[in-house]
Every structure is written in structure tokens, then in C-alpha cells.
Amino acid sequence: MITKKMQTLFWVTILTLVSTLCGCRSVTCPENKAQMAMKPKNGDPRNSLIEPEAKSVFGQESMTSAEYKARGDEKRKNGDPEGGLIDLDKAIELAPTDYNAYWIRAIIKEAYIHDRSGALQDYDKAIELNPDIWRIYRQRGDIHRKNKDYSLAVSDFKNSAKLNSNDDISRLHLANIYTHSLMIKEEAIKAWYDLATVYLRHNRRKDAINCLTEMCVLDDKHELIDKLRNILSLTNVPVEPQ
């Protein structure tokens, strides 16, 4: 028969056990402490589980195409073209339709790595993506000129001159190619005349007179020679070639 004393002892034992269990979970239990230590801050497990080095890599991988492109161009300017190529490769991987990234990579390949073939491929892609940038035509044309692919060079220099009415460099290349490489007299005279008009717009009259000299060597009776002489006669610069 259960006495009142035995009932009291039973309930005291039960309460003691419950108190002990609760104390372990909230204060002294090593397992509970370990779980609390692993609890992520702000609800983001990366805050507590990613090592500092891993966070740095994670941040680097999150760079945008524009950031890679800018850093690559900066490396080029600071004498690290190889590092610049690596960044430009990544920029193009992230944004394969960015003509400017191909353009910068082409410049590095041509001027710093001396990889004309690779540069031509990038210039081709840049023009395919944006056919309205005159300077890209001129730079690609210069590679064709150096490779003695004169017909391709002429096409690029003409496009550059068409897009930029003040591009004297492309016009000079055209005049020299027609005069000394292709030896097409009529086209050469036209090219020298066109170049002279650009020089005159910028008050470079002596350079224009040099163009007149080249024209006279080719054909001193050509009608464009008289036309250029008439233009020059309106200036204070001697009209006769020196």
C-alpha cells in the first residue's frame, strides 16, 4: 500500500530529474554549447562557416565584366600586359558581346605581345559587334598594311576616313599605299588631295604643300593639282611645292 510519504518522495525525485535536465540544456551541457557556437550570425551560414581566405576568393569571383576590363586595361598601362590579358579573357567570358573588351585585348596582343594574328581576330570581333568606331578600322588596317595585305588595308583606312573626316593618319596611309605599293596613279592623286584638304582645315598649310609635291610627281598636269594650287593661293603660304 502506497503511503503519503512515498508519494511525496516520488514527486520530489521527478522534479529533481526535470530540473537537472533543463539545467544541462540551458547552461552546462557541452553539446549544447557547441551548437550555440556554430549558430550563424544574422541567419547567414556563410558569416561563420567561410574562412577569411574563402571570403576573399568569393568576393573576387563576384567581380563584374566591367571591373575585369578596367583592371585589365590598368595592368596594360602599368606594364603587365600578360596580367591584363587574363583579366580581359575573364571580362569577355562574362560579357561576350562587349566590343570594347575585344578592342582592348586586341591592342594588348598587337602592341605588347606582338601577336598580330590574335589581334586581328579581336579587331574583327570588335567591328562585328560595333561597326561604327573609326579607330578600330584604322588599327586593324595598320596590321593589314604591315602584313602587306594592301587591299584589306585600303578597305579599313577608307572606312576609318569615312567615319572620321579629320583622320589624317588613315588618309596618309592610303596615299602612300596607292603611290608606293599598289602604284595606282589616279587613286594616289585623289588620296593626296583628300589629305591636303584635311591639313588645310587644321591650318597645316606646309603639310598640304607637301601633298601638292607628291601629286606633281605623279602627274603635274592633273586637274586636282590646279584645284589645290588655287586653294593654296588664298593663303599666305607659297603655292609652289618646295
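Select helices α11 and α12 in this predicted model: their crossing is left-handed. α11 covers residues 168-181 and α12 covers residues 185-201. Their axes lie 8 Å apart, and the packing angle is about 155°. The angle is over 145 degrees, so α11 runs roughly antiparallel to α12.

Now show the side chains at this contact. On α11, pick Asp168, Arg171, Leu172, Leu174, Ala175, Asn176, Tyr178 and Thr179. On α12, pick Glu187, Ala188, Ala191, Trp192, Asp194, Leu195, Val198 and Tyr199. Colour them by type: ten are nonpolar, two polar and four charged.

Stay on α11 and centre on His173. Is His173 buried or exposed? His173 has a relative accessible area of 17%. Buried means under 20%, so His173 counts as buried. Display its partners next. Leaving out residues up to four places away in sequence, His173 touches Asp142, Arg145 and Phe157.

Next stop: the largest nonpolar core, with 26 residues. Which members touch the most others? Select Met215, Leu228 and Leu232. α10 (150-163), α11, α12, α13 (205-218) and α14 (223-232) each supply at least two residues. α12 gives the most, with nine.

Zoom in on Met215. Set aside its neighbours within four places in sequence. Met215 then contacts Ile189, Trp192, Tyr193, Asp220, Leu224, Ile225 and Leu228.

Trp103 belongs to the α7 side of the contact with α8. Show both helices: α7 spans residues 99-111 and α8 spans residues 116-129. How do they pack? The angle is about 160°, with the axes 8 Å apart. That angle makes α7 roughly antiparallel to α8. The crossing is left-handed.

Finish with the side chains here. From α7, take Tyr99, Tyr102, Trp103, Arg105, Ala106, Ile107, Lys109 and Glu110. From α8, take Gly118, Ala119, Asp122, Tyr123, Lys125, Ala126 and Leu129. By type, this contact holds nine nonpolar residues, one polar and five charged.

Definitions and conventions
Residues numbered from 1 in each chain as written. Predicted model: local features only at pLDDT ≥ 70, side-chain atom pairs only at ≥ 80, totals over all residues. Heavy atoms only, no water. Helix = DSSP H or I, 4+ residues; strand = E, 2+ residues; numbered from the N terminus. Buried < 20%, exposed > 50% of the residue type's maximum accessible area, 1.4 Å probe, protein only. Contact = heavy atoms within 4.5 Å. Axes fitted to C-alpha atoms, helices over the stretch in contact; angles between N-to-C directions. Parallel < 35°, antiparallel > 145°, perpendicular 65-115°, else oblique. Left-handed = near helix turned anticlockwise from the far one by under 90°. Nonpolar A, V, L, I, M, F, W, Y, C, P; charged D, E, K, R; others polar. Core = buried A, V, L, I, M, F, W, Y, C linked by side-chain atoms within 4.5 Å.
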